[in-house]
Amino acid sequence: MRLSYRYSELLTGIDALAGVMGYLPGTAPEPVTDLIAVLSEELLATGEARAEYIIFDHVNLDPVSKTVEFEGVVFHVKPIIFSQIKNAEGVALFICTAGREVGELSRKSMKEGDLLRGYVYDVIGSEVAEGAADRMQEALKTAVALSGMGITNRFSPGYCGWDVAEQHKLFSFFTENYCGITLTDSALMNPVKSVSGMIGIGRKVKYAPYKCQLCDDKNCIYRGRKT
Amino acid sequence: MTEILERISTCVEFGKVDIKSPYPPAMKDQEGAFELTRHALDEGIKPGEILEEALIPAMSRVGQKFSRNEIFVPQMLMAAKAMSSSMIHIKPYYLSGETKRRGTFIIGTVRGDLHDIGKNLVSMMIEGGGWEIIDLGVDVSTEKFIEAAEKHPGAVIGLSALLTTTMENMRKSVEVLRNRFPAMKILVGGAPVTEDFCRKIGADFYSPDPQGAVEYLKTLA
């Protein structure tokens with residue numbers, strides 16, 4: 001399933017973005033809120049995020065090796081993730097991106113010495129990418145609910161013990177590259193503002209409201225997010 | 001401290017770049033760090049004095065406020081921009097040798113990691129602490145760190161990583177650098193890095209925030 005979202009659907013206002021930067025509502029200095037407003041407006045006009053997911057109905061889950069296998073590909077998702085998807089009947093693989101433009105604008109601003117502008121672009125890009133992943137996840141949840149199924153949280157290579165190198169396996173299923181994401185040798189995504197991963201699907205799977213309770217990595221950059 | 005040095009210091013602390021900067025509102029239409037630094041030099045104040053008595057203390061206050069969560073990244077960046085506007089006038093004195101830096105700090109984000117905001121923040125704060133910055137950028141190979149260390153004998157080196165997945169590359173780089181340059185001080189930082197990890201990989205210092213790195217460097221020079 002291929003999806004696209006306008007930035008205007010995903011950005012939730014100045015206070016929300018300032019909140020990501022650490023500010024309580026109404027406490028961010030004027031130059032910061034002004035810049036958020038200007039750059040958001042600039043990107044709202046043309047910005048588009050893309051997402052794609054593929055559902056695999058026939059999967060083999062091995063509780064000994066903590067692996068998920070389908071279509072001849074084995075994912076070593078490790079114990080934390082396996083414990084969440086062990087009751088799945090199928091899985092979805094997904095990729096999402098805020099697109100190339102926002103990251104390029106951030107890098108260009110940084111290079112030109114306008115670090116604040118570069119930082120604001122970067123925060124907007126992160127929020128758009130995560131927002132697109134949230135919307136994609138909702139779309140998947142709605143789609144599988146028609147068959148009486150539920151979904152787990154989303155899990156990404158590189159987190160909760162899942163080796164980032166398995167990105168290469170994950171991306172091998174997205175042959176037409178609708179989202180335009182490429183991988184570096186070290187399996188990082190380009191554009192940087194992208195999200196990828198796996199979601200379990202089934203009648204007995206559960207969505208954990210606070211996924212981070214599952215994992216003991218207190219330094220994870222996703223710690224505290226509710227997805 | 002003379003009045004003009006105090007004013008420069010205040011401008012840097014609150015991100016007042018120049019006369020056109022509308023922020024902070026209380027300083028609107030007043031001269032900023034850029035103009036005041038020029039005036040200070042024209043009045044005969046030594047560039048080293050401007051650095052030691054105005055810029056370094058200002059950036060130190062900014063770093064301390066950040067450590068206490070009183071300000072956030074955008075205000076640090078605004079302060080750094082004001083400091084950079086002041087440094088436009090001071091840099092020529094470094095080049096001529098009239099003013100000395102405290103030392104050289106080589107910094108880069110490790111191989112496989114494309115994130116640079118944290119690295120840039122640390123660079124700015126350390127530059128504000130009077131050090132020359134050699135910024136190797138992102139996705140920096142161990143060989144590139146070695147090359148820079150050979151080119152700048154006596155430099156301190158800092159490695160940044162944002163991802164748990166690239167911490168392994170940080171470990172490899174530190175191991176090679178430690179073997180090659182046993183006396184070189186190595187700092188590590190980034191969201192997933194911890195004191196414990198720093199110790200295990202044989203780096204000399206870890207700080208969860210830029211100011212910690214600045215304070216550590218003060219003990220070296």
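Predicted model: local features only at pLDDT ≥ 70, side-chain atom pairs only at ≥ 80, totals over all residues.
**Close-up views of the chain A and chain B model**

View 1. The contact involves 24 residues of chain A and 23 residues of chain B.

**View 2. The salt bridge across the interface of chain B and chain A.** One salt bridge is found across this interface. Lys81(B) pairs with Asp114(A) in a salt bridge whose closest N and O atoms are 4.0 Å apart.

**View 3. The largest nonpolar core, with 91 residues.** The residues with the most contacts inside this core are Met136(A), Ile8(B), Val12(B), Ile50(B) and Leu55(B). Helix α6 of chain A, residues 115-145, gives the most to the core, contributing 14 residues. From chain B, domain 1 (3-96) and domain 2 (103-218) each supply at least three residues to this core.

**View 4. Surroundings of Ile50(B).** Leaving aside residues up to four places away in sequence, Ile50(B) touches Leu5(B), Ile8(B), Thr37(B), Ala40(B), Leu41(B), Ile45(B), Leu55(B), Ser86(B) and Ile90(B).

**View 5. Helix α1 of chain B, residues 3-14.** From first C-alpha to last, the twelve residues of this helix reach 17 Å, close to the 16 Å expected at 1.5 Å a residue. Ile4(B), Leu5(B), Ile8(B), Ser9(B), Cys11(B), Val12(B) and Glu13(B) are the buried residues of α1(B). Their cover includes three helices of chain B, namely α2 (33-42), α3 (47-67) and α4 (73-96). After α1(B) comes Gly15(B), which has a positive phi near 75°.

Note on methods:
Residues numbered from 1 in each chain as written. Chains lettered and ligands numbered in written order. Heavy atoms only, no water. Core = buried A, V, L, I, M, F, W, Y, C linked by side-chain atoms within 4.5 Å. Buried < 20%, exposed > 50% of the residue type's maximum accessible area, 1.4 Å probe, protein only. Helix = DSSP H or I, 4+ residues; strand = E, 2+ residues; numbered from the N terminus. Domains from an automatic or database assignment. Contact = heavy atoms within 4.5 Å. Expected span 1.5 Å × (residues − 1). Salt bridge = Lys/Arg side-chain N within 4 Å of Asp/Glu carboxyl O.
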